[in-house]
Each structure stands twice: as structure tokens, then as C-alpha cells.
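Hi there,

Here is the structure I promised to pass on. Have a look at it first, and then read on for my notes.

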Amino acid sequence: MKYVDEFRDPSAAARYVRQIARITSRNWTIMEVCGGQTHAILKSGIDQLIPQRINLLHGPGCPVCVTPVELIDKAVAVAAMENAIFCSFGDMLRVPGSEKDLMSVRAEGGDIRTVYAPTDALKIALDNPDREVVFFGIGFETTAPANATLVYTAREQGLKNISILMAQVLIPPAMEAILNAPDNEVNGFLAAGHVCSVVGFEDYERLVAKHKIPIVVTGFEPLDILQGIYMTIAQLEEGRAEVENQYRRAVQRNGNTAAIKIMHEVFTIIDRKWRGLGIIPKSGLALDEKYIEFDAEKKFGVADITAEESTECISGLILQGKKKPHDCAAFGTRCTPEHPLGATMVSSEGACAAYYRYRKAIPGDDPKEKQ
Amino acid sequence: MCLAVPGKIISIENEEEFARTGRVSFGGILKEVNLSLVPEAGIGNYVLVHAGFAINSIDEKEANQTFEYLRQIEQLGDSERDES
């Protein structure tokens with residue numbers, strides 16, 4: 001496939017690895033922000049190919065993983081309503097709530113449907129005028145324009161039987177929360193390329209100015225990630241701290257104007273609670289007042305549900321890059337993708353799921369931890 | 001979740017603003033994709049598709065820079081070695 005295969009070329013990857021080794025003179029810790037990048041790194045073995053002096057930490061960029069347990073509880077409450085058709089991306093169905101997950105609601109007779117595009121929910125609402133269709137609106141900036149288009153179109157078409165359970169989060173405030181932590185170890189970021197494809201990277205210029213840390217907007221194929229690592233290490237070795245764009249074929253500084261326009265039309269920025277990171281100021285999106293009739297929390301009175309995270313699962317520490325999956329006693333034993341204790345084991349982008357799939361054979365043998 | 005796949009626009013089915021849709025080929029597999037966020041993209045262009053929406057166009061000229069950059073840093077390494 002064009003724009004995929006050539007960016008997986010093993011000989012070019014080996015050449016990038018040699019160049020990274022050439023310029024790395026000391027220990028550096030880099031965080032790849034997006035869970036999609038984490039999976040690509042583990043799948044292609046980049047973590048084992050690059051010099052041991054480079055420690056890759058896995059960031060919070062998995063929207064399923066950072067959705068707090070109380071939002072799952074709200075989803076469960078709404079999905080269990082007699083007249084509801086609950087639409088969601090498939091990843092959310094197995095994330096444990098306080099008592100149950102959406103999959104068990106479905107097993108008990110709930111009408112829960114997985115959709116490919118948010119706007120699929122519109123068709124379901126049109127086809128079922130007597131039912132309440134609720135869409136679980138999770139995602140980062142990458143998904144926000146699609147979710148916004150769903151709400152905008154619902155209003156344009158005068159639909160009354162559709163609403164959205166908002167779980168939208170924004171990445172730059174979470175990166176700042178990681179940098180502000182007193183025990184922060186991150187020396188540089190690989191920023192999430194698809195988030196930047198939508199909103200651009202002006203926000204990072206402010207972060208770089210304040211925290212003096214390199215941020216390289218990076219794509220998702222192995223060569224993208226290797227180039228992103230090289231560019232970050234080059235900055236660190238040369239004592240520079242800048243925003244650089246590795247993913248130029250899909251990212252412009254100002255992002256996608258049409259996508260930003262629809263996001264601003266439908267959403268407003270709010271403080272939001274993240275699993276493991278707590279409440280982060282201005283890190284979430286809610287419906288603008290003009291679209292409030294589509295807010296599922298208000299429509300079905302579930303806004304007041306609160307819940308505490310499970311104590312055994314360390315996904316909060318994993319999401320901040322403070323622990324790796326092998327550090328968890330439950331990893332691969334009491335916690336597996338079939339029986340997950342927490343979201344990082346459920347999502348196809350969760351760090352625990354990635355380690356379970358690609359590094360299960362060597363628990364406790366993470367070469368980076370031997371240094 | 002933020003997975004996005006590059007594909008080539010094969011046809012435009014609907015030109016209405018927010019319902020602008022077309023068929024996109026992913027290595028021969030065709031899917032209907034919302035193209036409202038990439039008004040500049042037409043038949044034959046490559047777009048990045050996420051959750052049924054094209055989130056941006058792919059800049060063909062910029063796609064080569066990953067390989068060009070590799071050649072440049074290799075030359076840099078060679079010249080440093082020659083100097084030492």
C-alpha cells in the first residue's frame with residue numbers, strides 16, 4: 001500500500017538505527033505520546049533495536065485507556081435503559097466499570113452496537129425513530145471533528161432521538177501534566193502525528209518555550225518513528241529544544257482548517273478527569289451551549305455518577321510512564337486481554353495489551369531496566 | 001484509536017458540504033469515506049482516513065523527505081568520520 005509499505009522498509013530502518021546509535025552519547029528518556037506509536041514500536045521491535053541508552057516511555061495517548069471508570073459507569077447506566085441503542089467504537093466494550101462493562105450489559109439484553117464511523121449512529125437514529133440512540137464520543141483531537149460532524153448533522157436534520165456521551169480529551173494539557181510532575185523523567189516527546197494532522201502543532205511551541213524540551217511531531221510507521229527518535233536525540237545532544245515536524249506528509253503547522261472549524265462550532269473546552277492523571281485543566285471537550293440538547297449526560301440524568309479507580313490495576317502509573325506493564329504483578333496472570341483489570345490491557349492501543357501481545361515471552365526481562 | 005490509514009479517492013458520491021462522501025481505495029479494498037474535512041481533495045488524491053473520515057490530505061512531495069533526511073544524516077556522519 002502506498003505511503004505504508006515504503007515506510008516499513010527494513011534496510012532503511014537499519015540505516016536509521018545506525019545513525020541513531022552514531023549520535024547517542026548518553027542516557028535519554030523519550031516518551032511516545034500515542035498508543036498507536038507504542039504498538040508500532042513493540043511490533044517492529046524498535047525498542048530492542050535502538051541503543052540501550054535510549055529509554056522509551058509509553059505515554060497517555062490512548063483515549064480508551066484514559067477514560068475514567070465513572071464515565072464507563074455512566075455509559076453502562078445509559079446503555080442499560082430499556083429504550084436505548086448504545087453505539088460505540090468496539091474498544092470500549094470490554095473496559096471494566098465499577099461493577100460491569102458494556103459487554104455484560106449486552107449479554108443481559110442491552111442493544112449495544114459497534115460502529116465504524118460516528119455518523120453511522122445517525123443512520124441508526126433515522127431507522128429507529130422510537131428509540132434513543134446514544135453515541136459514546138470518546139477520542140482525542142483526531143476523532144473530535146468526526147464526532148462534531150455527528151452532532152452538527154443531527155441538529156441540521158432536526159433529530160430528537162440521538163445524543164452523545166462526551167469523553168473527548170485533548171493531548172497537549174496531558175503532556176504538560178506529565179512535565180509538571182515532580183518526578184518527571186521525560187527528556188523529549190514524540191508527539192502524536194494524527195492529533196497534529198487535525199489541530200497542527202502551535203500549542204507545542206508554547207510547551208517547548210516553557211519547559212525547554214524537544215517535541216517532534218511523529219508518524220506511525222517504523223521509519224517515521226525512527227526518524228522521530230533521531231530528530232529528538234539530535235536536539236538533545238545538541239542542546240536544542242524546538243518543535244520539529246517529522247510527519248510532514250500529513251501535518252501542517254496550522255492543522256486542518258475545516259476540521260478545526262467544525263470542532264469550534266460544536267465543542268467547548270472544559271476541565272476533564274483522566275484515569276491515572278486526575279482532573280487536568282482545559283483538557284477535555286464538551287458540547288457548546290447551542291448543542292446541549294444532544295448531551296446524553298444531561299438528557300438521561302447520569303452526570304452525577306462518580307466512582308473510584310480499582311486499586312490493583314496500575315494503569316494510572318503506566319499512562320504517566322512511571323511504570324511499565326512488566327512491573328505489574330497481575331500482568332499476564334490475573335490480568336489478560338480476555339480478563340482485563342484495567343483499560344490499558346483492553347484497548348488495542350493500550351501499553352499492557354501491546355506488551356501482552358509482543359513481549360509476553362520475556363516478563364521481567366525488559367532490557368531497558370537492566371541499566 | 002488514533003489509527004489513520006492512507007487511501008486513494010476513487011470517486012466522489014455526494015458533494016453536499018458535511019455529507020461530502022466518496023469511495024476510497026486502501027490497497028484495493030474500497031470503503032465509503034466522509035470527505036467533508038478535505039474539501040480540496042479530489043479523485044486520485046491520497047487522504048488519511050480515521051473513523052470513516054478523511055482527516056487530511058497526504059502531501060506527495062513531502063513523503064520523500066524521510067528518505068532524503070536519511071541520506072543527509074548519513075552524509076553528515078561520513079564527513080564527521082573523515083574529519084576525525
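How many residues does the contact take from chain B, and how many from chain A? Chain B puts in 32 residues and chain A puts in 48 residues. Please keep in mind that this is a predicted model.

Let's stay with the side of chain B that touches chain A. β4 (46-50), β5 (53-57) and α1 (65-83) of chain B each supply at least two of its residues. The most comes from α1(B), with eight residues. Sorted by class, this side of chain B has 20 nonpolar, nine polar and three charged residues.

Next, the nonpolar core. The largest one has 146 residues, and the members that touch the most others are A:Ala191, B:Val47 and B:Ala54. Helix α12 (residues 222-238) of chain A provides the largest share of this core, eight residues. Domain 1 (1-314) and domain 2 (315-370) of chain A both contribute residues, so the core lies between them. As general background, nonpolar side chains in soluble globular proteins tend to be buried together.

B:Ala54 deserves a click in your viewer. Leaving out residues up to four places away in sequence, B:Ala54 touches B:Val33, B:Asn34, B:Leu35, B:Leu37, B:Val38, B:Ala41, B:Val47, B:Leu48 and B:Val49. One of these, B:Val47, is also among the core members named above.

Now over to the sheet in chain A. Five strands form an open sheet in the order β2-β1-β7-β8-β9, with parallel pairing. At its edges are β2 (54-61) and β9 (243-245) of chain A, each of which pairs on one side only. From one strand to the next, the twist averages 25°. Within this sheet, strand β1 (residues 28-34) and strand β7 (residues 188-192) of chain A run parallel and are joined by three bridges. If you want a pair to look up, A:Ile30 has A:Gly188 in β7(A) as its bridge partner.

Eight of its ten residues are buried, so α2(A) is largely enclosed by the rest of the structure. The buried ones are A:Gly35, A:Gly36, A:Gln37, A:Thr38, A:His39, A:Ala40, A:Ile41 and A:Leu42. Just after α2(A), A:Gly45 adopts a positive phi of about 75°.

Happy exploring, and write back with any questions!

Best wishes

Technical notes: Residues numbered from 1 in each chain as written. Chains lettered and ligands numbered in written order. Predicted model: local features only at pLDDT ≥ 70, side-chain atom pairs only at ≥ 80, totals over all residues. Core = buried A, V, L, I, M, F, W, Y, C linked by C-beta atoms within 7 Å. Buried ≥ 20, exposed ≤ 12 C-beta atoms within 10 Å, placed from the backbone. Helix = DSSP H or I, 4+ residues; strand = E, 2+ residues; numbered from the N terminus. Domains from an automatic or database assignment. Contact = placed C-beta atoms within 7 Å. Nonpolar A, V, L, I, M, F, W, Y, C, P; charged D, E, K, R; others polar. Pairing = 2+ DSSP bridges. Axes fitted to C-alpha atoms, helices over the stretch in contact; angles between N-to-C directions.
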